[in-house]
Amino acid sequence: MSNESKPNSPSDGDLEKAYYQAVTELQPKAEVDEAIRLQAHSQLRKGRDWASVPMWARAASVIGVAVVGWWLWQPDLIEWRPQTDNTIVENQVPMEVATEDAMAAAPTSVEPKSPPPSSADALESQFAAAEVAKEQQAAEQVQQQAREAEQALVARHKLEQAQRQAERQHSEQLLKFSFCLQYKLARRDDLVISNDLPDGTDSGSVLSGPSIEWQEQPWQLVEIAQTAYLVRAEGDNWQVAKVPAEDFTVCNLHR
Amino acid sequence: MTLRNDDQLLNDYGKRGDAAAFDILYQRFRQPLFGFIRQQLPEAVANEVFQDCWMVVIEQASDYMPCGSFRGYLFTIARRKIADYWRGQQRQPSQTSDDGNVVEQFSDDVDPQKIQLQQATNAVILMCVGRLSKVQRDAFMLKQTGLAVEEISLILGATFETVKSRIRASYSQLRRCWERHHE
């Protein structure tokens, strides 16, 4: 960059220095600094949990969560589970009442077969014990249902989280892909431009593809039969340029 | 101990979980990136866009594959975010002509009268940069962030020679503007 010949005019270096000093004054807010730093560090912790695991493990995790979520949401299965548990308890009861000691150890778990005839108090206490047992069972059932509902909620939340993660990853990959392609295409100024959309193009959705900047113009990327095209509307006409296969292939590695 | 380059730092952060590497990288680019954004956007938005840019870097760090330099990557993100903002506002900050004529200022809160009154060198140079045509300004500002001409041409999607001539023209424009305000 040469300097102008006029005397006392600032040199390129003077301009750069002044510009540098001026720009140095422009600083982001301290809270923005802190927010970015916190995000970077917390992302690291999250990254160790999820982003750093291989793709197959992530996919397996998503499927696993989906299966558990589906299973927990089946009403039949929810009803079936406590019944099964009760059956097991009932099967255990005869073993517990097999001896007098066992009866003494767990007085509320089983009802005596015949109450002592002379004691009204004892009869009353047996009824009370039965009532308590019933209440306990009902409370346990409510707790069990609450636990299951909570588990279902957690499973659904995890499933949604996994879906969101997958969507975000997709959009990040798309950004990297278009960044790569833009870089590759910037080296090319010899692409042939035609006015005809390639066969098989849906002209209604042609401008909804990823946006790529080439030759200082925004273009939409359209993929048809494993070939990519840059497309833009120019007045009533289309401008279409075929993306070189080698560039497209290399950048596809980012997706 | 050797100085790690930008790609190494991002790699160490994204793939090896080295938080200190991010801090170094952030310090390296914090000021140039914010300066670049702030000159094109009002302050509140500039802070948001600046944060958004780093969020993209953070999110993508674990899968980052160098395609050009990190510097180019970062400033490409910033350019896109700035363009998104102006697109959302349904207006462009300035013309895109290459003719070098005075164009509308792109930073809303730079007031020429105030500048003359204060005789603030910083404000004058920023105003002069703001009065460059968009293409010249882009080329000049990217050059000042430390990018090589070749890389600027990749980011802007223009040829090497075009970018070079825009930079040259931008210095001439700046010089004229500077002299006008220091007479």
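1. Is A:Asp247 buried or exposed? A:Asp247 is buried, its relative accessible area being 6%, where buried stands for under 20% relative accessible area, exposed for over 50% and partly exposed for what lies in between, with a 1.4 Å probe and protein chains only. The side chain of A:Asp247 meets that of A:Arg188 in a salt bridge, at 2.6 Å from N to O; the term denotes a side-chain nitrogen of Lys or Arg within 4 Å of a carboxyl oxygen of Asp or Glu. This pair links distant parts of the chain, 59 residues apart, with A:Asp247 in helix α7 (residues 245-252) of chain A and A:Arg188 in the loop between α6 and β1 (193-194) of chain A. Helices (H or I, at least four residues) and strands (E, at least two) are DSSP runs numbered from the N terminus.

2. On provenance, this is a predicted model, in which local features need pLDDT of at least 70 and side-chain atom pairs count only at pLDDT 80 or more, whereas totals for chains, interfaces and linings use all residues. Residues are numbered from 1 along each chain as its sequence is written, chains are lettered from A and ligands numbered from 1 in the order in which they are written, and side-chain values use heavy atoms, with hydrogens and water left out.

3. As to the interface, 52 residues of chain A are in contact (heavy atoms within 4.5 Å) with 62 residues of chain B. The area buried between the two chains is about 5300 Å², and carbon and sulfur atoms give 59% of that area; buried area here is the accessible area (1.4 Å probe) that two parts lose on being put together, summed over both.

4. Between chain A and chain B the count is 4 salt bridges, while over all chains the count comes to 15. B:Lys143 and A:Glu16 form a salt bridge in which the closest N and O atoms are 3.4 Å apart. On the side of chain A that touches chain B, α1 (12-24), α2 (30-51), α6 (120-186) and β2 (211-214) each supply at least two residues, and the largest share, 12 residues, comes from α2(A). That side divides into 20 nonpolar, 16 polar and 16 charged residues.

5. Within chain B, B:Asp138 forms a salt bridge with B:Arg79, the closest N and O atoms being 3.4 Å apart. B:Asp138 lies in helix α7 (residues 134-144) of chain B and B:Arg79 in helix α4 (residues 70-88) of chain B, so the pair ties together parts that are 59 residues apart in sequence. B:Asp138 is buried at 6% relative accessible area, and B:Arg79 also counts as buried, at 16% relative accessibility. Both belong to a network of salt bridges that links A:Glu213, B:Arg79, B:Lys134 and B:Asp138.

6. A further salt bridge joins the side chains of B:Asp84 and B:Arg87 at 2.8 Å, N to O. These residues are 3 apart in helix α4 of chain B, and are therefore separated by about one helical turn. B:Asp84 is partly exposed at 42% relative accessibility, whereas B:Arg87 is exposed at 53%.

7. Finally, B:Val57, in helix α3 (residues 43-60) of chain B, is buried with a relative accessible area of 1%. Leaving aside neighbours within four places in sequence, B:Val57 is in contact with B:Leu10, B:Phe70, B:Tyr73, B:Leu74 and B:Ile77. The C-alpha atoms of B:Val57 and B:Gly14 are separated by 9.4 Å, with the two residues 43 apart along the chain.

Methods: Ala, Val, Leu, Ile, Met, Phe, Trp, Tyr, Cys and Pro count as nonpolar, Asp, Glu, Lys and Arg as charged, and the others, Gly among them, as polar.
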